[in-house]
Amino acid sequence: MDMLPVESPVTTETLRVGSELAAVLATTEETNGDLFAVELRMPPGGGPPVMHRHAPSEIYQVLSGEFTFYITGDDGVTARRVARAGETVTMAGNTPHTVRNESNEDAVAFQVHAPGGPMEGFTRSAARLAADHTPTIEEVLTIAQRNGIELLGPVPHVGSA
């Protein structure tokens, strides 16, 4: 039997924020505000430059490569966790954290925020700004604040968890 190529009629929207690409899989409009889901592709050295927190909870399912998470617990101690393909990392809302790619290859994850509004708003605003020019830290702070994201400062030096 001949194999014919199968083409999907759906075009995935891709947003660039910094060096990362977010292929949008589900929007808040499609999920009544409940979720914002993306396939996140982060190059080596990529990731938010500072610790931050926001009301939505997050889940990452690492598809390839590895992500390094810095997560501050209720005790105020920040732990470093490396997650590789097949591993899942979850964070409750308002957890101080950041995620980086500290490896030498691209890292890809399925990422979900619930509720999705704050992160979708930030991602879309930052992508629009970056398409126009390299954003200043003041512009990023304004977008973050407008979307309920608190930037907390540099990542503390910690060991592996």
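Predicted model: local features only at pLDDT ≥ 70, side-chain atom pairs only at ≥ 80, totals over all residues.
User: What makes Glu 13 and Arg 124 a salt bridge?

Analyst: Happy to start there! The closest N and O atoms of Glu 13 and Arg 124 are 2.7 Å apart. A salt bridge needs a side-chain nitrogen of Lys or Arg within 4 Å of a carboxyl oxygen of Asp or Glu, so the pair qualifies. Glu 13 sits in the segment before E1 and Arg 124 in helix H1, 111 residues apart, and the pair thus links distant parts of the chain.

User: Why is Glu 13 called partly exposed?

Analyst: Its relative accessible area is 36%. Buried means under 20% and exposed means over 50%, so Glu 13 falls in between and is partly exposed.

User: Which other residue meets Arg 124 in a salt bridge, and where do the two lie?

Analyst: The side chain of Glu 120 meets that of Arg 124, at 2.9 Å from N to O. Both residues lie in helix H1, four residues apart, about one turn of the helix. Arg 124 and Glu 120 are both buried. Glu 13, Glu 120 and Arg 124 are linked in a network of salt bridges.

User: How do you know that Glu 66 and Arg 84 form a salt bridge?

Analyst: Their closest N and O atoms are 3.3 Å apart, and the cut-off is 4 Å, so this pair counts too. The structure holds six salt bridges.

User: What makes E1 and E2 a pair of strands?

Analyst: Four bridges join E1 to E2. Pairing takes at least two bridges, so these strands pair, and they run antiparallel.

User: How many bridges join E2 to E3?

Analyst: Five bridges join strand E2 (residues 20-26) to strand E3 (residues 36-42), again antiparallel. That meets the requirement of at least two, so E2 and E3 pair as well. Ala 26 has Ala 37 of E3 as its bridge partner, while Ala 23 stands opposite Glu 39 in E3.

User: Why are E1 and E8 called edge strands?

Analyst: The open sheet has six strands in the order E1-E2-E3-E10-E5-E8, with antiparallel pairing. Strand E1 (14-17) and strand E8 (88-91) each pair on one side only. Neighbouring strands of the sheet are turned by 25 degrees against each other on average, direction ignored.

User: Why is E2 described as largely enclosed?

Analyst: Five of its seven residues are buried, so E2 is largely enclosed by the rest of the structure. Helix H1 (residues 117-132) lies across E1, E2, E3 and strand E10 (107-114), running at about 75 degrees to E1.

User: Which residues are closest to the centre of the largest pocket, and which element gives the most to its lining?

Analyst: The largest pocket holds about 760 Å³ of space. It is lined by 34 residues, and Val 17, Glu 20, Pro 48, Pro 49 and Phe 122 are closest to its centre. H1 gives the most to the lining, with six residues. Elements giving two or more residues include E2, E3 and helix H2 (137-146).

Terms used: Residues numbered from 1 in each chain as written. Heavy atoms only, no water. Axes fitted to C-alpha atoms, helices over the stretch in contact; angles between N-to-C directions. Contact = heavy atoms within 4.5 Å. Buried < 20%, exposed > 50% of the residue type's maximum accessible area, 1.4 Å probe, protein only. 1 Å grid on protein atoms, 1.4 Å probe; cavity = no way out; pocket = protein on both sides within 12 Å on 5 of 7 lines; lining within 4 Å. Points joined across faces, edges and corners; volume = space filled by probe spheres on them.
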